[in-house]
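Student: Let's go through this one together. Start with the terms for accessibility, please.

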Amino acid sequence: MTHVPARLVEFLRDGRRRRRVIGTGAALALIATNGPAATGFARRAWHDYTVEQPAYKARYGHWDVVEAPARFRVNAIHAALLRTGKVLLIAGSGNDEKQFRAGTFRSVLWDPVRNTFKNVPTPRDMFCAGHAQLPDGRLLVAGGTARYEKLTGDVRRAGGAMLVKNENPDAPRTLPAGTVFTGSTGKRYRAQFPVLLPRATKTVTEDDDHPRVVVTASQARVYVEAVEEGEDGITHTADQYRVEGLTGDGARDVYGLAAKLGLDKKDFQGLRDAYEFDPVAERYVPVDPMAEARWYPTLVTLKDGRVLAVSGLDDMGEIIPGKNEIYDPRTRTWTRGPDRYFPTYPALFLTAGGRLFYSGSNAGYGPADRGRVPGLWDVDHNTFTPVPGLTDPEMTETSASVLLPPAQDSRVMLLGGGGVGESHRSTGRTAIADLGGPAPRYTPGPPLPQGTRYLNAVLTPDDRVFTTGGSRDYRGKHGSDILHAQFYDPARRAFTTAADPTVGRDYHAEALLLPDGRIAVFGSNPLFADPDDTRMGTFEQRIEVYTPPYLYRPHRPALRTGPLTAAHGDVLALPGTDRREVAAARLMRPSAVTHATDVEQRSVALELGAHAGAVTVRIPDNPALVPAGWYMLFLTDRAGTPSRAAWVHVR
């Protein structure tokens with residue numbers, strides 16, 4: 001006879017509890033049967049009962065699923081916490097080509113306090129863009145999708161890059177999308193995007209007392225497709241193309257050049273567009289576009305408040321060969337940054353010394369033998385110092401990286417990861433880079449319970465790292481989603497178990513800390529819906545919220561204050577707080593996360609003091625440690641229980 005725990009039998013006999021698990025008579029009827037179904041039922045019922053017990057929550061925490069009303073459900077590709085406490089979920093086309101072709105681009109604002117939702121008009125396809133928090137609390141969003149990939153066999157029209165020239169030194173020219181170029185053989189190709197051609201440059205030189213004028217044509221690239229479908233549109237030889245509709249000097253001055261234009265695989269193509277999201281007006285505001293189109297870029301804040309855009313696929317679907325650029329939020333313009341090559345979505349962290357640390361984590365695109373070495377990048381002088389010691393260095397794609405708390409310790413942890421591309425391989429390796437010494441290097445950390453790709457790692461106010469989800473295989477193949485979570489304690493260099501989530505999360509999943517100390521998890525885009533990989537997967541639109549054990553304690557420190565403003569080095573008084581119950585204070589930068597990449601979050605230890613019986617905290621002087629912007633201020637007691645956050649604007 002199947003054994004059933006006595007406490008479970010008592011639980012099932014209780015009418016109130018019984019109704020929470022299954023219908024009245026069915027529970028005991030199932031338990032009375034002898035077989036796997038009864039055993040499985042008993043285990044599920046016992047689990048459902050156990051996770052609701054106060055003692056369990058106090059030890060492991062608790063998960064709750066949030067289902068938005070149908071009109072607000074969205075394929076969350078990006079998630080960012082705003083200074084208003086609301087979470088901006090950006091889908092764009094949501095990895096759905098039908099939505100892309102229809103021009104249906106989505107963003108949703110979620111208020112986790114009121115549990116309300118709002119659709120936000122989204123002007124372009126921000127699917128797979130980059131984002132960063134700006135000093136004034138706006139969110140910079142740059143790049144996105146100009147075109148979906150087409151696999152070999154699905155490509156119907158030959159296409160590729162065309163170089164367009166302008167030999168007129170007196171006037172620039174813009175060719176609209178749809179412009180047709182005709183070659184010497186009569187084959188015709190249509191521009192898929194507008195192209196701006198600057199005026200040509202003209203120089204005058206003296207040659208034997210006779211001036212000589214030299215004109216150098218300007219040029220720009222544009223992606224073109226054959227007007228005719230099929231193999232008739234293929235060309236394998238270089239050719240010059242005239243622009244249909246131009247006559248006279250214009251027809252002579254402006255022309256196209258292209259080599260092979262074929263039916264081979266076409267990768268995703270990026271956008272140049274950039275926007276600031278205003279958290280008060282709750283709308284996107286266009287700013288100057290980037291010089292390079294970018295799909296899968298990383299945006300990272302520099303010590304002076306500017307933002308560096310790195311890597312991505314360009315408007316031809318090719319990985320950008322190291323052309324980076326910098327956004328100035330004061331002028332809302334972009335300038336050329338230092339050239340350096342990285343794979344897409346590289347994890348770059350601003351260190352207390354002002355350099356950027358590339359942990360080695362990345363996502364998606366780039367050769368296996370280039371740009372994978374971790375190191376410290378001096379952006380001002382464009383020098384790169386490798387940081388050695390990482391085990392499984394070929395397994396950093398789809399890994400997670402996090403600047404360990406407190407940020408003053410200058411340590412970055414890398415967790416899990418997998419092989420390049422669609423590899424089935426994954427690793428449970430973790431490693432910690434100590435960047436504070438004269439010879440920074442990685443040393444091994446405690447392993448994860450299993451090989452994990454797409455792990456989400458979130459800093460908590462008690463100086464730990466909460467990790468959740470991921471999958472063993474590429475995009476959750478073979479039913480490999482991992483329904484486990486854990487905390488990493490940097491002080492003890494050890495993991496402890498947390499309550500298991502109920503929703504699987506792999507590719508296109510995000511997690512972030514909320515101002516009340518809870519953790520919200522979004523998204524997931526598995527390839528398949530069954531372990532045999534026979535049914536196509538669907539995008540996970542449910543939100544799951546984790547309440548950590550520290551929020552089940554009977555008391556938490558008080559922090560009753562509205563938004564505060566401070567400069568570097570300022571001391572802030574926190575009225576209504578009791579110095580005797582406060583052990584630590586942390587300034588935590590809000591997340592902007594996608595593709596297991598969150599280079600925004602950081603937790604900074606604050607110097608504590610007291611004035612007139614209230615707690616005071618001092619903002620560090622170093623802008624590389626605390627870049628200007630909005631932060632959550634948490635106070636914790638000696639048990640590690642955090643207050644609710646107060647928002648602080650560091651000017």
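Tutor: Buried means under 20% relative accessible area, exposed means over 50%, and partly exposed lies in between (1.4 Å probe, protein chains only). The model is predicted: local features need pLDDT of at least 70, side-chain atom pairs count only at pLDDT 80 or more, and totals for chains, interfaces and linings use all residues. Residues are numbered from 1 along each chain as its sequence is written, and side-chain values use heavy atoms, with hydrogens and water left out.

Student: How many salt bridges are there in the whole structure?

Tutor: The search finds 37. The criterion is a side-chain nitrogen of Lys or Arg within 4 Å of a carboxyl oxygen of Asp or Glu.

Student: Which residue does D267 meet in a salt bridge?

Tutor: K265, at 2.2 Å from N to O. K265 is partly exposed at 36% relative accessibility. D267 is partly exposed too, at 22%.

Student: OK, R221. What's its partner?

Tutor: D314, with the closest N and O atoms 2.7 Å apart. R221 sits in strand β16, D314 in the loop between β23 (307–310) and β24 (325–328), so to speak distant parts of the chain, 93 residues apart. Strands here are DSSP runs (E, at least two residues), numbered from the N terminus.

Student: Is D314 buried or exposed?

Tutor: Buried, at 3% relative accessibility. R221 is partly exposed, at 34%.

Student: And what does E229 bridge to?

Tutor: R157, with 3.5 Å between the closest N and O atoms. This pair also links distant parts of the chain, 72 residues apart. E229 is in the loop between β16 (218–226) and β17 (239–243), and R157 is in the loop between β8 (145–147) and β9 (159–166). E229 has a relative accessible area of 48%, R157 one of 29%.

Student: How many bridges join β7 to β20?

Tutor: Four, between residues 139–142 of β7 and 274–278 of β20. Within that pairing, L140 has E276 in β20 as its bridge partner.

Student: Which residues share salt-bridge partners in one network?

Tutor: D136, R138, E276, D278 and R332.

Conventions:
Pairing = 2+ DSSP bridges.
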